[in-house]
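Trainee: I have a two-chain model open and would like to work through it with you. Can we take it one question at a time?

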Amino acid sequence: MSTDAPPDLKRRQLLKLAGATAAVGSIGLNIGLANAADALLKDNPDDVFDVVIIGAGLAGLTAARDLHLAGCESLLVLEARDRVGGRTLNHDLGSGYISEAGGQWIGPGQTAVADLARELEVGTFPSFYEGETVILGGDGRVAVDLKGTFGTDESISAKLSELSRDVPCGAPWKSHRVAELDKLSAGDWLAQQNIKPEDRAGWNASFLLTCGVTPAKMGFLHFLSMINSAGSEYMRLDSIKDSAQGTRIVGGSQVLSSKMAQLLGDKVRLSCPVRKIADWNGDIVRLQTDQGEIRARRVIMAIHPALCQRLQFDPALPEARAALQRAWPAHSPARKTAMVYPRPFWRDKGLNGHIIQVGGPVIWAYDNSPPNGEIGVINAFILNAAAPTDLEAAKHMQTEIYARALGDAALEPVSYHDHDWAHADPWTITCVSPIPPGFWSTHGEALRPPCGNLFWSGTETADIWAGYMDGAVRAGRHSALQVLNALRKV
Amino acid sequence: MKKIIALGVIVVIAVLLAIFGRDLLDLYRLQSYITTSTETYQAERGNWPHLTDACTGCHGSHGNSLNSTYPSLAGQPAAYLSAQLRNFASGQRFAPNMGPLAMTLRPDEIDLLAKFYARQSVGTHGPVSPDEDLKDRGKQLVQTRGCTACHGAQLMGHEAYPRLAAQGQDYLLAQLNAFASGERIEPSGAMQAMAAALSAQERQAIAAYLAAIVPQPR
């Protein structure tokens, strides 16, 4: 699939292409392709869209782009924010430079997002990690070359990789060990592993960054399913080199969404939050938005389950789905900062700009400079509570920490950017999903089945790399196929 | 001979310290910090990893948040904290972040968390408003509205009534606004009635004043 497809191809031809694309997706579209085309082409009143997608993040825009390329023109994407990109966002550093405030990396096995980047002619480059990482704690400091890792204990890593083979990432609740594993927290398991005191802070940081919570409240089954997504190699999940943090996107991750939105033009409607969804079980779904009522035959819900929970549904959703949304964890509102310097001065000292601070406020800081290091950028995940709300005070606190780690040049930044996802706007609520123990046993089966004409999408529904940008692209593509198939039956 | 060897060792150590002195000292300090913090953790909470870690990100390791949008839990009455966790879980108090987390807590875990944060000392918190006129107006409103009747003479809270002194300004304002709009309720209805009768500016003044109060021992 290419963005270079001629825009003026006949709609009917594109619809047949859509049928062919869906058939490749193995969902049984080998019959009735002509019917599918006819169904979409039948007299649609202008005020009823074939498909409305809620959410212009990576999943929603991927779904919209696939539908658009398939010839579905009766299409609208509704976005509550005044921008596209969802949980990907570029800080504009000026002079054409950016630093990512949200999801930013891709890695091995994340083929869906890598393909999308290629299709959109967006380049990638490796994360910078060569040199020594600085570990701070109290007034102590040590610099050590971790060789592109977080210094994880290899024996623990090997045990986790082995266990993850029994937990299918697409359906953890179907693991043959679900009863045994889903009652445990990751903390319960780690407590049995004789973790050395000096390694505990590393595990806390790893869990906070990857899972959004410390080990005691992270479900072990879900954690293993995340490792399973990484090809059952823990180091592909939680490391830098050759891992899910190993590759960056030229122009920042939000550029993927921006490019897709550009293609879709006025099919993307910004600042249009949906408040209520009525008649989702009827032929025409009615969406009550801040810009009036919008009607659709099919609706793709490309938003986080916690945001689904903020909507009113009439009639109420089936209890299993409602219970899943009510219980979906949303307590990981990450705060991410970017400190900008004229150049990455730390590299001259053999430092890689990475800082792990035992006890915080910095959980992990890292070199997020542009591809050729033209300017220096230190990005950091910081503990929300440990940094002041006041941006000048938060900046000062971090420069002091960076100076201890990297040298006094860190005291002279050019600019500072700070994004607390919980408070930046009401349309994120949380970042990654710290699925607690027992969650999948209770709610797993309600994750994906559509409810009437509502099709659940968003990275949380992906069968591989759920929670990651790659999962968002997979979920978007899957929901586009689902909807095409459903429309064919009209 | 032994003296010569001993002297040799001292010289070697001196040379090493001269070359690596600062790095060695820094490493020693890091190790000391980890040892001390590990012992403190064990004494205060128990075995790692502990349930209380789950609250650290937003509320601080001992319940003192420097970020005025996230509430400080330190020194809050245990009865108040456990009631709020139950309300989050039941949906009676609406908070998208807290609801699902509270739903995962067993009654004994709620009890443990409430008691842990209740016994923490109230620390210094983030910057407060420099607007003295605003804080003075807030003080007058707090006095005339009789806030101390429920929240205590020092506004440090007791039983079901939370500590307001030195709480985060943005959090306090958000709660006053939530009471005013009816989004947050409490059994007596007093907070809703009081907050709804205040103007938006008056709510700001009260939040500014309360956040700036120096916390007193209860």
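Trainee: Which pattern does chain B follow along the sequence?

Mentor: This is a predicted model, so keep that in mind throughout. Chain B has 10 helices and 0 strands. Read along the sequence, the pattern is α-α-α-α-α-α-α-α-α-α.

Trainee: What percentage of contacts in chain B between residues at least 6 apart in sequence join residues at least 24 apart?

Mentor: Start with burial: of the 218 residues of chain B, 40% count as buried. Now take the contacts between residues at least 6 apart in sequence. The share joining residues at least 24 apart is 68%.

Trainee: Which helix gives the largest share of the side of chain B that touches chain A?

Mentor: The contact takes 38 residues from chain B and 43 residues from chain A. On the chain B side, α1 (2-44), α2 (53-59) and α4 (98-103) each supply at least two residues. By class, that side divides into 17 nonpolar, 17 polar and 4 charged residues. The largest share, 10 residues, comes from α1(B).

Trainee: Turn to chain A. Which helix gives the largest share of the side of domain 1 that touches domain 2?

Mentor: The domain assignment gives domain 1 of chain A as 11-85 + 253-329 + 434-488, and domain 2 as 90-130 + 247-252 + 335-420. Their contact takes 13 residues from domain 1 and 15 residues from domain 2. On the domain 1 side, α11 (254-264) and α16 (469-488) of chain A each supply at least two residues. The largest share, 5 residues, comes from α16(A).

Trainee: What is the handedness of the crossing of α3(A) and α11(A)?

Mentor: Helix α3 (residues 58-69) of chain A packs with α11(A) at an angle of about 35°, with axes 10 Å apart. Among the residues that meet are A:L58, A:L61 and A:A64 in α3(A), and A:L256, A:M260 and A:L264 in α11(A). The contact divides into 8 nonpolar, 3 polar and 1 charged. The crossing is left-handed.

Trainee: Which strands stand at the edges of the 7-strand sheet in chain A?

Mentor: This open sheet has mixed pairing, in the order β8-β7-β16-β17-β18-β15-β19. Its twist averages 15° from one strand to the next. The edge strands each pair on one side only: β8 (140-144) and β19 (415-420) of chain A.

Trainee: Which residue is the bridge partner of A:R335?

Mentor: Strands β15 (residues 335-341) and β18 (residues 376-382) of chain A pair in the antiparallel sense over 7 bridges. In β18(A), the partner of A:R335 is A:I382.

Trainee: At what angle does α8(A) run to β17(A)?

Mentor: Helix α8 (residues 197-210) of chain A lies across β16 (351-358), β17 (362-367) and β18 of chain A. To β17(A), the helix runs at about 75°.

Trainee: Why is one side of β5(A) and of β6(A) left without a neighbour in the sheet?

Mentor: Here 3 strands form an open antiparallel sheet, in the order β5-β9-β6 (chain A). β5 (105-106) and β6 (124-126) stand at the edges, so each has a single partner strand.

Trainee: Which residue in β9(A) is the bridge partner of A:F125?

Mentor: β6(A) and strand β9 (residues 247-249) of chain A run antiparallel, joined by 3 bridges. In β9(A), the partner of A:F125 is A:R248.

Key
Residues are numbered from 1 along each chain as its sequence is written. Chains are lettered from A and ligands numbered from 1 in the order in which they are written. This is a predicted model: local features need pLDDT of at least 70, side-chain atom pairs count only at pLDDT 80 or more; totals for chains, interfaces and linings use all residues. Domain bounds come from an automatic or database domain assignment. Two residues are in contact if their C-beta atoms, placed from the backbone, lie within 7 Å. Helices (H or I, at least four residues) and strands (E, at least two) are DSSP runs, numbered from the N terminus. Axes are lines fitted to C-alpha atoms, for helices over the stretch in contact, and angles run from 0 to 180 degrees between N-to-C directions. A crossing is left-handed if the near helix is turned anticlockwise from the far one by less than a right angle, and right-handed if clockwise. Ala, Val, Leu, Ile, Met, Phe, Trp, Tyr, Cys and Pro count as nonpolar, Asp, Glu, Lys and Arg as charged, and the others, Gly among them, as polar. Two strands pair if DSSP finds at least two bridges between them. A residue is buried if 20 or more other C-beta atoms lie within 10 Å of its own, exposed if 12 or fewer, and partly exposed in between; C-beta atoms are placed from the backbone.
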